[in-house]
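Dear colleague,

My findings follow it, and I would be grateful if you read them with the structure open.

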Amino acid sequence: SKGLGKSMAEQLAKRKYNLLLVARSEKELEALSRSLSHTYNVAVTYLAIDLSLPEAAQKVYDWCNRPGFNISILINNAGYGLWGKFHEQSLESQLNMLQLNMQSLVALTYKIIPLLQQQPESYILNVSSTSAYQAVPTLSLYAASKVFVLSFTRGLRHEWKNKGITVCCL
């Protein structure tokens, strides 16, 4: 609904892709959906959900698996970082960040792959960070979670090479 996700949605809408948008912020999703639909004459549907919740991947899958939705692209962009010394951050907030940045991404990918396989050609884009290439003091767990995203994506890319799903990492 904002930042990279909003930009990616706009680029896909310009290319006449119908969109299923997912984020926490319902008001922003609604406004973006209206704007993209009006500007680019595409169908835009949205689901407001907190992707850090363990049950979110199943709810997104159930929503995407409705008749009339043909899923050909999955963009895993949800994530955030916590800045500060590891021992000064609450454990709960750090575990929640790891849940969203890694576990939710894995669960969504796992659940959506069968829908992607129904298309002759499909794509997965996982958003990482340049922090995946170095340890970053005061962003230690964020950087580690982005290393995970990069490594996971590279592995998936090889598993799906020449099998109908193109996998890449930003």
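How many bridges join strand 3 to strand 4? Please note that this is a predicted model. Four bridges link the two strands, strand 4 being residues 122-126, and they run parallel. In one of these strands, strand 4, Ile 124 is the bridge partner of Leu 74.

These strands belong to an open sheet of three strands in the order 3-4-5, with parallel pairing. Strand 3 (73-76) and strand 5 (165-169) are the edge strands, as each pairs on one side only. On average, neighbouring strands of this sheet are turned by 10° against each other, direction ignored. Helix 4 packs on the sheet and touches strand 3, strand 4 and strand 5. The direction of helix 4 makes about 175° with that of strand 3.

The loop between strand 3 and helix 4 contains Ala 78. Ala 78 has a relative accessibility of 34% and therefore counts as partly exposed, since that class lies between 20% and 50%. Leaving aside residues up to four places away in sequence, Ala 78 touches Leu 51, Leu 100 and Asn 101.

Helix 3 (residues 56-64) has the buried residues Ala 56, Ala 57, Val 60, Trp 63 and Cys 64. Seen down the axis of helix 3, they fall within an arc of 125°, so they line one face of the helix. An α-helix has 3.6 residues a turn, so residues three or four places apart point the same way. The cover over the buried residues of helix 3 includes strand 1 (19-23), strand 2 (44-48) and helix 4 (91-116).

Yours sincerely

Note on methods: Residues numbered from 1 in each chain as written. Predicted model: local features only at pLDDT ≥ 70, side-chain atom pairs only at ≥ 80, totals over all residues. Heavy atoms only, no water. Buried < 20%, exposed > 50% of the residue type's maximum accessible area, 1.4 Å probe, protein only. Arc of directions from axis to C-beta. Contact = heavy atoms within 4.5 Å. Pairing = 2+ DSSP bridges. Axes fitted to C-alpha atoms, helices over the stretch in contact; angles between N-to-C directions.
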